[in-house]
Amino acid sequence: MASIPQLILPTGHSIPQFGFGVFQIDCADTAASVRTALEAGYRHIDTAQMYGNEKEVGEGIAGSGVPRSEIFITTKLANDRHGYDSAITALDESLERLGTDHVDLYLIHWPLPRKNRYVQTWQAFEKLAADGRARSIGVSNFQPEQLDTLAKETDTLPAVNQIELHPALQQERLRAYHRAAGIVTEAWSPIAQGAVLDDRDIRELADKYDKTPAQVVLRWHIQLDNVVFPKSINASRVRENIDIFDFELDPGDMATIGTLDRGHRTGPDPDTFTG
Ligand code: NDP
């Protein structure tokens, strides 16, 4: 079974660099998908209150036979739960659904700058980290301006920022910010929901390394030190996606993928998204 690299978060906790995302997996399929992923060697599950499938994630974990202590669980605060008290109660409800007494990582899912409640929300997250209900805390879809505000107005920097990132949207500005601040970059939609897999350069690299286009793209993320958690409801793709730890892209091929940025988003723009 694949040995998955671990990164160390600023909190001192380690995070498996590769995991399983459950966005857009129907509740009816979630427990079985999670079990398939755990059987294939995944030890990191990325869910969210807004995905509506935390209960089934918990059932999949419980039914897998893999001890909770070996699994890294992330969940994210729903957009309608910003605010100090609400962010705390929302995590308690998540823990109940997931069937656990802590998550490994709790994220503010979207900054919602027009609501402008993310600072007080973050202060609640700091309390949850101090209590141990969230081992590490972080954010998602934050831009440099909002990270600057947290740095100025609160005591803790996020351990991670989970952002849309793939060859067609490489996020150089945010990645440079993260590197300078010691924030770990998590890449959501790491294969752009499939949109980058027909790219000619990626297909040529897949032929060269005798891998699939998805494996080439996921390997590129790993070599950039991004954390990734591709989603699939297809068991053979779940196994394909984790089979990326037996080859390495050479620097020239990393550079070739580096030229494929075209500013293409698959999801909302955080500057304008209002939830
Ligand atoms: P991904 O980039 O992981 O792509 C998933 C899509 O690609 C699915 O349609 C899947 O189809 C297909 N696919 C998966 N593996 C392969 C493969 N090997 N070959 C061909 N096609 C494949 O997109 P997601 O948007 O799901 O992102 C991954 C995770 O990121 C989410 O599940 C979630 O955890 C997180 N996320 C976070 C967001 C945030 O705002 N913080 C926003 C969006 C995602 P099939 O299932 O049929 O195999």
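Where in the chain does Asn141 lie? In this predicted model, Asn141 is placed in the loop that runs between β7 (134-140) and α5 (144-153), and the legends below take up this residue along with several other sites.

**View 1. Overall fold of the predicted model.** The secondary structure of the protein consists of ten helices and ten strands, and the C-alpha atoms fill a box of roughly 55 × 40 × 30 Å when taken along the principal axes. The radius of gyration is 18 Å, which agrees with the value near 19 Å that a compact globule of 275 residues would have. Of the 275 residues, 56% are buried, and among contacts with a separation of 6 or more, 74% are between residues 24 or more positions apart. The accessible surface comes to about 11,500 Å², with 46% of it belonging to carbon and sulfur atoms, and the mean positions of the 27 positive and 40 negative charges are 2 Å apart.

View 2. Most residues other than glycine have a negative phi. Asn141, although not a glycine, has a positive phi of about 65°, and with a relative accessible area of 3% this residue is buried. Asp210 likewise has a positive phi, near 55°, without being a glycine; Asp210 is found in the loop between α7 and α8 (213-223). In contrast to the buried Asn141, Asp210 counts as exposed because its relative accessibility is 71%.

**View 3. The aromatic pair Phe18 and Tyr42.** A search of the whole structure finds ten aromatic pairs, one of which is formed by Phe18 and Tyr42. The centres of these two rings are 5.1 Å apart and their planes stand at 55°, so the pair is tilted. Phe18 lies in the loop between β2 (14-16) and β3 (20-21), while Tyr42 lies in the loop between α1 (27-39) and β4 (44-46), so the pair ties together parts that are 24 residues apart in sequence. Phe18 counts as buried at 0% relative accessibility, and Tyr42, with a relative accessible area of 0%, is buried as well. Together with Phe20 and Phe245, Phe18 and Tyr42 form one aromatic cluster.

**View 4. The aromatic pair Tyr209 and Phe247.** Here the ring centres of Tyr209 and Phe247 are 5.7 Å apart and the planes are at 55°, so this pair, too, is tilted. Tyr209 belongs to helix α7 (residues 200-209) and Phe247 to the loop between α9 (235-242) and α10 (251-258), and the pair links these distant parts of the chain, 38 residues apart. Both Tyr209 and Phe247 are buried.

**View 5. Surroundings of Ile191.** Ile191 is found in the loop between β9 (184-188) and α7, and at 15% relative accessibility this residue counts as buried, because the cut-off for that class is under 20%. When its neighbours within four places in sequence are left aside, Ile191 is in contact with Val196, Leu197, Ala214, Val217 and Leu218. The C-alpha atom of Ile191 is separated by 7.3 Å from that of Pro230, a residue 39 places away along the chain.

Key: Residues are numbered from 1 along each chain as its sequence is written. This is a predicted model: local features need pLDDT of at least 70, side-chain atom pairs count only at pLDDT 80 or more; totals for chains, interfaces and linings use all residues. Side-chain values use heavy atoms; hydrogens and water are left out. Helices (H or I, at least four residues) and strands (E, at least two) are DSSP runs, numbered from the N terminus. The radius of gyration is taken over C-alpha atoms; the globule rule is 2.2 Å times the number of residues to the power 0.38. Buried means under 20% relative accessible area, exposed over 50%, partly exposed in between (1.4 Å probe, protein chains only). Contact means heavy atoms within 4.5 Å. Accessible areas come from the Shrake-Rupley method with a 1.4 Å probe; for residues, only the protein chains shown count as cover. Lys and Arg count as positive and Asp and Glu as negative; His and the chain ends are not counted. The place of a charge is taken as NZ of Lys, CZ of Arg, CG of Asp or CD of Glu. Rings of Phe, Tyr and Trp (its six-membered ring) pair if their centres lie within 6.5 Å; planes under 30 degrees apart count as stacked, over 60 as edge-to-face and the rest as tilted.
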